There are 2 protein chains.
Amino acid sequence: MRADAQRNYDRIVSAASEAIARDGAEASLEAIARSAGVGSATLHRHFPSRWSLMEAVFAERVDCLFDRAEELRDAPEPLDALVRWLREVAAYATTTRGLAAALLNGPPEESSTCQAHLIAAGDSLVRRAVEAGAVRGDVATADLLTLVNAISLAAQQAGPEEAERLVTLMLEGVLVRQG
Amino acid sequence: MRADAQRNYDRIVSAASEAIARDGAEASLEAIARSAGVGSATLHRHFPSRWSLMEAVFAERVDCLFDRAEELRDAPEPLDALVRWLREVAAYATTTRGLAAALLNGPPEESSTCQAHLIAAGDSLVRRAVEAGAVRGDVATADLLTLVNAISLAAQQAGPEEAERLVTLMLEGVLVRQG
DNA sequence: CCCTAAGTGGGGTGGTACCCCATTTTGATG
DNA sequence: CATCAAAATGGGGTACCACCCCACTTAGGG
């Protein structure tokens with residue numbers, strides 16, 4: 001990749017990051033190109049679809065969550081580690097407007113990179129929690145992340161604390177515990 | 001309301017219903033007006049915002065769920081009634097593309113009519129289930145509906161059976177039951 | 001230094017939401 | 001039944017969007 005192409009790529013991702021934080025997942029690509037000081041054609045060549053741009057923007061965030069999962073993997077309390085990580089995922093998805101929407105509503109193939117990365121990160125935490133007897137064995141990491149993302153999407157206008165409350169409710173369950 | 005205005009109103013809602021079922025919540029208003037045999041200005045006068053049209057389209061469905069709740073209110077098993085009703089809500093929201101999105105992502109005031117109607121419908125079922133000792137007392141009907149809608153939205157591309165699975169998971173909880 | 005291939009962005013196309021206003025239609029009244 | 005003012009209508013206009021074509025520019029290896 002030529003140096004100028006790389007420079008423009010970075011500028012676009014940076015501008016898109018700001019625009020999405022401000023306007024959500026439906027931010028105008030034209031405006032992003034403009035604020036990056038780049039023609040719209042350049043943006044569309046680097047990122048053929050809206051989702052590919054999303055993915056580039058969120059890759060950094062997802063990497064961060066991935067690293068966080070590795071940190072928590074050796075925490076003393078497996079359940080605590082998992083719950084804490086899921087809360088961080090929810091917080092990221094709720095505050096970074098559009099992340100949840102991108103992960104859930106994006107075309108299957110195109111949003112799978114982020115999704116797969118996140119699932120890989122969460123998997124070890126889930127497995128440890130299951131082995132510790134704190135989490136049901138028939139729970140898939142993908143399900144957990146889908147639910148957390150769904151909640152984040154639903155609570156986007158209510159705020160992060162509402163999302164956290166709903167995540168807790170989901171983990172504990174609605175039905176009374178009958179042993 | 002004049003007779004012709006009423007006729008056009010009905011035509012628009014009918015066309016919108018089809019379009020949303022086919023194309024989802026982002027269906028083109030212009031196309032809806034066209035297929036209703038009506039100018040776009042007429043559509044925009046009757047429905048100032050996209051959400052107001054959504055509301056009109058979904059009102060029928062929501063009424064149906066409301067009636068269903070009343071039917072189930074006197075069912076012998078309160079928990080069974082509640083679970084069945086929530087599954088029906090999920091099924092409606094998943095199949096009627098856009099219902100979930102409309103209820104969750106719509107502006108607070110504009111989507112509140114549907115939401116309020118649904119909460120009112122579910123409330124009696126939740127209360128009965130709580131009194132029967134089957135559901136936690138600190139669970140709000142609104143939370144339940146938010147979660148069900150969130151799941152529906154998340155499972156929209158996966159299908160109704162996936163949504164049902166996730167609803168069950170949410171109700172039972174992810175953590176192991178420790179009495 | 002030069003030349004070629006990669007990269008660029010202005011401008012075009014076709015689509016969208018939403019609004020203005022001249023024209024038509026309705027239905028209550030004389 | 002004829003009249004007519006108010007209500008309703010929709011064509012056309014504006015502004016914006018995603019996406020694409022293609023003449024021009026620039027990087028960087030020989």
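How many helices and strands does the secondary structure of chain A come to? I counted nine helices and zero strands in chain A, where helices (H or I, at least four residues) and strands (E, at least two) are DSSP runs numbered from the N terminus. The model is predicted, so I noted that local features need pLDDT of at least 70, that side-chain atom pairs count only at pLDDT 80 or more, and that totals for chains, interfaces and linings use all residues. Residues are numbered from 1 along each chain as its sequence is written, chains are lettered from A and ligands numbered from 1 in the order in which they are written, and side-chain values use heavy atoms, with hydrogens and water left out.

**Entry 1: chain A**

I read the order of elements from the N terminus as α-α-α-α-α-α-α-α-α. Along the principal axes, the C-alpha atoms of chain A fill a box of roughly 60 × 35 × 25 Å. I found 49% of the 179 residues of chain A buried, that is, under 20% relative accessible area with a 1.4 Å probe and protein chains only; over 50% is exposed, and in between is partly exposed. For contacts (heavy atoms within 4.5 Å), I looked at pairs in chain A with a separation of 6 or more: residues 24 or more positions apart account for 70% of them.

**Entry 2: DNA strand C**

I listed the residues near the strand, meaning those with a heavy atom within 4 Å of it. There are 22 around DNA strand C, and the closest are A:Arg2, A:Asn8, A:Arg45, B:Leu29 and B:Glu30.

I then checked polar contacts, here pairs of N or O atoms within 3.5 Å. A polar backbone atom of A:Gly39 is 3.3 Å from a phosphate oxygen of DNA strand C, and for a backbone N or O atom of B:Ala3 the distance to a phosphate oxygen is 3.0 Å. H3(A) supplies the largest share, five residues.

**Entry 3: B:Pro78**

I located B:Pro78 in helix H5 (residues 78–95) of chain B. Is B:Pro78 buried or exposed? B:Pro78 counts as buried because its relative accessible area is 14%. Beyond neighbours within four places in sequence, B:Pro78 is in contact with B:Arg128, B:Ala129 and B:Ala132. I also noted 8.2 Å between the C-alpha atoms of B:Pro78 and B:Val126, which are 48 residues apart along the chain.

Methods
A polar contact is a pair of N or O atoms within 3.5 Å; within protein, one must be able to donate a hydrogen and the other to accept it, and residues adjacent in sequence count only if both atoms are side-chain atoms.
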